Amino acid sequence: MTFLRSLLFLLLLACVPASAQDTQIPEIRTSLEKDTAVPGQPLIYRVTVLVPTWLPSPPAFPSYETPNVVVRLPSRASGPTSETINGETWSGVSRSYRLYPMTAGTFQIPAGTIKVTYADPDDQQPVVVDVQTDAFEITGKIPAGAEDLDPFLAAKSLTLERSVEGATDDLKVGDALNVKTIAKVSGVAPMFVPPLAEVSPADGLAFYPKEPVLDEKEDRGLLSGTRTEETALVAEAAGTYTLPEKSLSWYNLESGAVETAKVPEISFEVTGTAAEAPVEPVARVDLRGLAMAVVLLALAAGLVYLAWRTFLPKVRHKADDFKTRYHASESYLFGKLVAAIKHRDFSGTLHCASAWNHTVEGGIRIADRANFEEALHACSALTYSKEAKLTDKDADIRWTRLLQSARTMRRNRLKNGLTSSHFALPDINPR
């Protein structure tokens with residue numbers, strides 16, 4: 001009997017801590033509606049955090065960044081939730097991710113760590129714990145009949161437009177034309193549209209392409225937008241030139257067929273040469289005037305030398321001070337950040353981003369900063385990932401997205417006149 005009582009007591013001791021611990025460890029629920037999608041189309045992944053009390057501060061969710069997978073947060077990605085567990089109401093937060101496989105293949109989404117802060121059931125003091133979600137796989141699959149598309153692009157609709165700014169008649173050597181090509185898509189983000197840059201058809205034309213401009217919109221989860229590319233053409237020799245027809249084949253998600261969007265060719269002729277400057281007649285030399293000019297020049301040189309000896313140190317000091325302040329200014333540092341991104345210098349990008357962030361003193365929208373950090377993390381994979389080497393297309397997409405998020409972050413800050421005072425307190429409700 002004594003043995004049985006001792007055994008029962010030990011079992012009670014073993015169960016009590018486990019029960020107490022179970023009521024305090026947050027519950028993590030994950031769901032993936034489906035694991036296979038057409039490249040460029042989203043898969044919805046949801047993560048729910050539940051606690052027995054309440055959350056004094058929002059959970060810190062992971063990014064789930066993965067090579068060849070674009071991870072995005074839709075509008076209102078996070079929201080409050082509750083659930084009855086063992087007869088008690090648990091509260092929490094649910095977050096939705098959109099995972100876009102960029103190419104065909106199977107991709108491993110790593111496990112993620114969530115930092116959760118919740119109120120202790122006994123004394124209501126904050127408790128901070130790290131909980132982890134499981135790794136999982138998603139697959140990008142090319143639909144039947146679209147296997148030969150290269151590059152592959154799937155959308156609900158796609159149109160191409162091409163326009164020429166400038167008169168194409170009576171062109172002369174040295175004249176310029178601006179050719180603009182716009183791809184409009186629905187059902188896919190414009191970042192998935194491949195480059196449409198003009199290619200020189202013959203000698204005699206100089207091509208100066210501008211940076212592509214991506215304009216993305218979202219309406220109740222439906223992505224759409226435009227990719228705009230502009231190229232300046234400068235005539236270097238007389239002749240007849242033709243910009244060839246441009247086409248882009250794509251898979252129609254609604255009809256299930258491969259379609260092709262086209263813009264017609266553009267022809268123009270450079271007939272003349274640039275007008276030559278008139279030759280000025282040679283004037284007779286005025287010796288008396290020349291002598292007077294030499295004297296005046298000598299006097300001016302003496303005055304300049306005197307001023308140089310007297311004022312140069314002060315001018316140089318002020319110039320150095322101005323240069324130092326300019327190099328520490330927000331606009332200059334942001335320009336350095338843009339230059340580093342355009343040169344695809346990841347180390348320089350990190351350094352310039354840190355320096356620019358210091359000048360704005362944190363006055364950045366949380367959503368804009370999150371988008372920039374996601375894009376920065378994606379570009380880091382180009383240098384440090386141990387996975388298979390990414391394609392040039394993947395690199396173009398990631399660096400373009402990073403540049404666009406940096407410009408959006410600064411544009412929103414300037415437009416709204418944000419300062420660090422707007423962010424003195426953390427955001428209680430996650431977005």
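This is a predicted model: local features need pLDDT of at least 70, side-chain atom pairs count only at pLDDT 80 or more; totals for chains, interfaces and linings use all residues.
User: Which residue does the side chain of E27 meet in a salt bridge?

Analyst: The idea first: a salt bridge needs a side-chain nitrogen of Lys or Arg within 4 Å of a carboxyl oxygen of Asp or Glu. Here, E27 meets R29, at 3.7 Å from N to O. R29 is partly exposed, with 30% relative accessibility.

User: What else forms a salt bridge with R29?

Analyst: E83 does, and the closest N and O atoms are 2.7 Å apart. Now place the pair on the chain. E83 sits in strand β5 (residues 78–85) and R29 in strand β1 (residues 27–32), so this contact ties together parts that are 54 residues apart in sequence. E83 is partly exposed too, at 31% relative accessible area.

User: Where are the two partners of the bridge between E230 and K210?

Analyst: Start with the contact: the closest N and O atoms of E230 and K210 are 3.7 Å apart. E230 is in strand β17, while K210 is in the loop between β15 (205–209) and β16 (213–219). The pair links distant parts of the chain, 20 residues apart. K210 is partly exposed, with a relative accessible area of 47%.

User: Moving to pockets, what is the volume of the second largest pocket?

Analyst: It is about 430 Å³. Next, look at the lining. There are 25 lining residues, and the closest to the centre are E211, P212, R227, D396 and T400.

User: Which element gives the most to that lining?

Analyst: Helix α6 does, with 6 residues. β17 (222–235), α3 (330–342) and α6 (392–416) each supply at least two residues.

User: How many of the lining residues are nonpolar, polar and charged?

Analyst: The lining of the second largest pocket divides into 13 nonpolar, 2 polar and 10 charged residues.

User: Which residues make the nonpolar surface patch?

Analyst: M292, V295, L296 and L299 make a patch of about 410 Å². M292 is in helix α2 (residues 287–327). At a relative accessible area of 52%, M292 is exposed.

User: What is phi of R344, and where does R344 lie?

Analyst: Phi of R344 is near 55 degrees, again a positive value in a residue other than glycine. R344 lies in the loop between α3 and α4 (346–360). R344 is partly exposed, at 40% relative accessibility.

User: Is the peptide bond from D150 to P151 cis or trans?

Analyst: Check omega. The bond is cis, with omega near 5 degrees. P151 is in the loop between β10 (136–140) and β11 (154–155).

Definitions and conventions. Residues are numbered from 1 along each chain as its sequence is written. Side-chain values use heavy atoms; hydrogens and water are left out. On a 1 Å grid over the protein atoms alone, a cavity is a set of points where a 1.4 Å probe fits but cannot get out, and a pocket is an open set with protein on both sides within 12 Å along at least five of seven lines; lining residues have an atom within 4 Å of a point. Grid points are joined across faces, edges and corners, and a volume is the space filled by probe spheres set on the points. Helices (H or I, at least four residues) and strands (E, at least two) are DSSP runs, numbered from the N terminus. Ala, Val, Leu, Ile, Met, Phe, Trp, Tyr, Cys and Pro count as nonpolar, Asp, Glu, Lys and Arg as charged, and the others, Gly among them, as polar. Buried means under 20% relative accessible area, exposed over 50%, partly exposed in between (1.4 Å probe, protein chains only). Patches are made of residues with over 30% relative accessible area and no salt bridge: like charges are joined within 9 Å, nonpolar side chains (Val, Leu, Ile, Met, Phe, Trp, Tyr) within 5 Å. Accessible areas come from the Shrake-Rupley method with a 1.4 Å probe; for residues, only the protein chains shown count as cover.
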